[in-house]
Amino acid sequence: MADAAFDLVVRNAQVATASDTFDCDIGIRDGRIVQLGQALAAGRDEYDAAGRVVTPGGVDAHCHLDQPMEAPARMADDFRSGSRSAACGGTTTVIPFAAQMKGQSLLAAVDDYHARAEGRAVVDYAFHLIVSDPTPQVLSTELPQLIAQGYTSFKVYMTYDDMKLDDGQILDVLDVARTHGALAMLHAENADCIEWLTRRLEAAGRTAPRYHAHARPMLVEREATHRAIALSQLVDVPILIVHVSGGEAVEQIRWARSHGLSVFAETCPQYLFLTAEDLGIDDSYHGARCVCSPPPRDKRNQQVIWDGLSDGLFTIFSSDHAPFRYDDPQGKKPHGEEVAFRHIPNGIPGLETRLPLLYSEGVLGGRITLQKFVELTSTNPAKAYGLHPRKGTIAIGCDADLVVWDHRDTVVRNADLHHAVDYTPYEGMGLKAWPALTLSRGEVVWDGRDCVAREGRGRFLRCGRPTLLPQRPEGRP
Ligand code: URP
Ligand code: ZN
Ligand code: ZN
């Protein structure tokens, strides 16, 4: 049909945005939504979504893909397998991390990360930065330059020897965020407490995976969350606390909010669906699969996280996909060995299951509204990282990134997923929904059976200023 008004029309959709639900057809041309309305003219292609909910494509604002690691560890997913997995689970934008190694220039880390992504991604991607070596050159030149070029968010670690910053360094990078309008993401765990506890556990011969959770109790996250808030208050800059795992950290964030501080928070599926028992109830090594930081807590903390999702405490729901194979010398068994918990690479996979888990158990389970689902998984991450309104909503002019939901019983099986990890922590879990179709800029990337996207079609996105935040004029007042 040469003279069709649209490249594609998605008909009879029950469109859900972060604010509304409405029935309409969606007209798509040149990768963008150009019309929303009833009985639109014919498209070159047509998709009938009758009776189906259609949400904006997911924005996974915290995932790790092909991040350089110290040998022998190696991430299982690169931009190809990771972005395929994202597409098949309804995520159309991923924001992994260009990580600076200590001693490395931040600019070099970004160049290296572009080379890793180039020609591989099947959905669009932006980069956060990880600042692990805030030298005067990084603070005065590289970071400001990168922020101006569209890398407007960076993560700071308060733990992990190769990544962590001390409080003075954190103040320095927060000051750069304030001056240049970037958003700092903080990994809040107290490194010294963890080291002290780890040594005591090791001295007592307690080195099985389950002791990872003993070395990182809620208290160490609570203390670091409190400190991160105080540091941001001192500098007077908004921050986002990533992967919040339970009640004591939530209390700190509620306190900050009640005092008018701009403290945003992110949580992840593992804090809703896993507990510390998934790291093992005995000394078996299987629990290494669920070793991540902070560790999953207990049922009571899971409920606190659900409450925080529904009542607005959390701004963003991300996967923190950190893909290491279980039965692999580059994964959870370094050099092929069952090692002490301190040597197990941290992280679990979750890019593909993030949206189906929250849609099924949150929306269809009656715990959160459909609007809240869209806000947490798409609109807010797009706003926080300066990608809205191009990404994160369904409106005229936006990229046609859409998910059509199929309400059907399904069981999570790793064999059906598209990442390169040899397990999912959610194996055997029954869900009530899965994406029937994912569109990225109007192109089908997941048709409900296969990933049909061309490798390399994903585009790099430069991020603007975070629009969740109060806007400051350029430069420090
Ligand atoms: O255990 C985790 N979360 N690994 C990924 C790195 C991080 O801290 O997010
Ligand atoms: Zn982290
Ligand atoms: Zn992470």
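The shell around ligand 1 is made up of four nonpolar, seven polar and two charged residues, where Ala, Val, Leu, Ile, Met, Phe, Trp, Tyr, Cys and Pro count as nonpolar, Asp, Glu, Lys and Arg as charged, and the others, Gly among them, as polar. This is a predicted model, in which local features need pLDDT of at least 70 and side-chain atom pairs pLDDT 80 or more, while totals for chains, interfaces and linings use all residues. Residues are numbered from 1 along each chain as written, chains are lettered from A and ligands numbered from 1 in the order written, and side-chain values use heavy atoms, without hydrogens and water.

**Ligand 1**
- Of the 13 residues around ligand 1 (a heavy atom within 4 Å), those that come nearest are H64, K155, H187, S293 and D320.
- Oxygen atoms of ligand 1 lie 3.2 Å from a polar side-chain atom of H64, 3.0 Å from one of H187 and 2.7 Å from a polar backbone atom of S293.
- On its own, ligand 1 has 270 Å² of accessible area, of which the protein covers 95% (Shrake-Rupley method, 1.4 Å probe).

**Zinc ion (ligand 3)**
- H62 (NE2), H64 (NE2) and D320 (OD) coordinate the zinc ion (ligand 3) at 2.0 to 2.1 Å, donors being N, O and S atoms within 2.8 Å of the metal (3.2 Å for Na, K and Ca), with water not among the atoms, so sites may look incomplete.
- Along the chain, the donors of this zinc ion (ligand 3) are spaced H-x1-H-x255-D.
- The zinc ion (ligand 3) lies 4.0 Å from the zinc ion (ligand 2).

Key. A polar contact is a pair of N or O atoms within 3.5 Å; within protein, one must be able to donate a hydrogen and the other to accept it, and residues adjacent in sequence count only if both atoms are side-chain atoms.
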